[in-house]
Amino acid sequence: MPTRILRLVGLLLGFSAAGLLVSPAEAQTCVSQKFSNNKLFQHCSNLPTLSSTLHWTYDADGSLAVAFVAAPAASDGWISWAINPSGSGMVGAQSLIAFKQAGGSVTVKPFRLNSYQSVEQKNLTLEVSDVSAESSGGQMMIFATFRLPVNWTTVNQVWQVGKSVAAGRPQIHDFQSANLNAKGTLDLVAAQTGGSTGGGDSRIRKRNIHGVLNSVSWGILFPVGIIIVRYLRTFESAEPAWFYLHVGCQISAYAIGVAGWATGLQLGSKSKGLQYTSHRNLGIALFSLATLQMFALFLRPKKEHKLRFYWNIYHHGVGYAILIMGIINVFKGLNILDPEKKWKSAYIIAIGILGGVALFLEAITWIVVLKRRSSKSTKPYNGQQTI
């Protein structure tokens, strides 16, 4: 019985970790996309947010032909792709915004984003030609050719999606993490030489790494470690294997969690204007409690010691606190990272399976415990009577 349970836990952990280790930013591909006008581009990139892609061809004379593909935030929404000649964010961006007109056809208009409050429909300062747009399968596409200064080796790109258009003007977009981080650098020289195609800044990649590490640590390994210690020690044949499995699982979870926690601190230090207070505070609390649990391994009294009873209360209480807080914080992180829906669903399924395994083992454990108590309380009569 313990061997089968161990195999089940191992398989579950392997599949869960494998699913989570696929970065949301890599879940789509631009290579398979085709355009109805049969346009071809030399390069393409899966942009790290908003499930969008960019196709482009750059010539040495400064000609940059692009095709931006994304789904609007709603059926009557809009999409936008922009070059910012003066900065890395929205302010100062030279934008092309596509949306559906009253008759259902898709149009694209030039906008200058002068400030967060000022969006002006006006010809761009950059020379642009061959501007068009189309829609297909719930996605919109913007096509354009920019004439860039020949000394530009990179461009700051900004992309966005919105939910609605009023009187021919796109309305304000959401301020979720994916929207706020929809920017990056397009390296024209690296693309020409066959190097990295760029598509988003390294911060997006670090955010994905942060999410994967913490999901595997606090969200998968710690719960598995608790399942091992709570249920496997009931079976005498699992002694002392359950203890080493529990310790190994929790130490691994702690090591991965510390790496994810450190990555989060680094991201926070580089995002001064963007704070996720509850997520950060829960992360700090988790790290502190988990560190306390690591020290508990070295301060554990022997079974017969009078302090062992109080140590058990402390160790179990802190362990269950980490379990609950860890799962809550994983969901908070998923809401911030805002990956495709299937990744959140995958984690919900993984936690659901772990919960189902725990309920099954809880029932089995009680059956075993009650049988042992029953066998101890009923001793066979040996035919002798004492007075």
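Residues are numbered from 1 along each chain as its sequence is written, and side-chain values use heavy atoms, with hydrogens and water left out. Because the model is predicted, local features need pLDDT of at least 70 and side-chain atom pairs count only at pLDDT 80 or more, while totals for chains, interfaces and linings use all residues.

Confidence comes first. The pLDDT, which is the predictor's confidence in each residue on a scale from 0 to 100, averages 80 over the protein chain, and 82% of the residues score at least 70. A contact here means heavy atoms within 4.5 Å. Where pLDDT is low, the predicted coordinates should not be read in detail.

Next come the aromatic rings. Rings of Phe, Tyr and Trp (its six-membered ring) are paired if their centres lie within 6.5 Å, and planes under 30 degrees apart count as stacked, over 60 as edge-to-face and the rest as tilted. By this rule the model holds 11 aromatic pairs. One of them joins tyrosine 254 to phenylalanine 287 in a stacked arrangement, 6.4 Å centre to centre with 15° between the planes. Since tyrosine 254 belongs to helix α5 (residues 241-269) and phenylalanine 287 to helix α6 (residues 277-298), the pair ties together parts that are 33 residues apart in sequence. Helices (H or I, at least four residues) and strands (E, at least two) are DSSP runs, numbered from the N terminus. Tyrosine 254 is buried at a relative accessible area of 18%, where buried means under 20%, exposed over 50% and partly exposed in between (1.4 Å probe, protein chains only).

The axes of α5 and α6 are 11 Å apart, at an angle of about 145°; axes are lines fitted to C-alpha atoms, for helices over the stretch in contact, and angles run from 0 to 180 degrees between N-to-C directions. On the α5 side the contact includes Phe243, Tyr254 and Trp261, and on the α6 side it includes Gly283, Phe287 and Leu297.

Helix α7 (residues 308-337) holds both tryptophan 311 and tyrosine 314, three residues apart, about one turn of the helix. Their ring centres are 6.5 Å apart and their planes lie at 70°, so the pair is edge-to-face. Tryptophan 311 is buried at 13%, whereas tyrosine 314 is partly exposed at 27%. Histidine 315 is also found in α7 and counts as buried at 18% relative accessibility. Beyond its neighbours within four places in sequence, histidine 315 touches His246, Gln293 and Ala296. Elsewhere, Phe35, Phe41 and Phe143 make up one aromatic cluster.

Most residues other than glycine have a negative phi. Leucine 50, however, has a positive phi near 65°; leucine 50 sits in the loop between β1 (43-46) and β2 (53-58) and is buried at 18% relative accessibility. Aspartate 130 has a positive phi of about 50°. This aspartate 130 lies in strand β8 (residues 127-136) and is exposed, at 54% relative accessibility.
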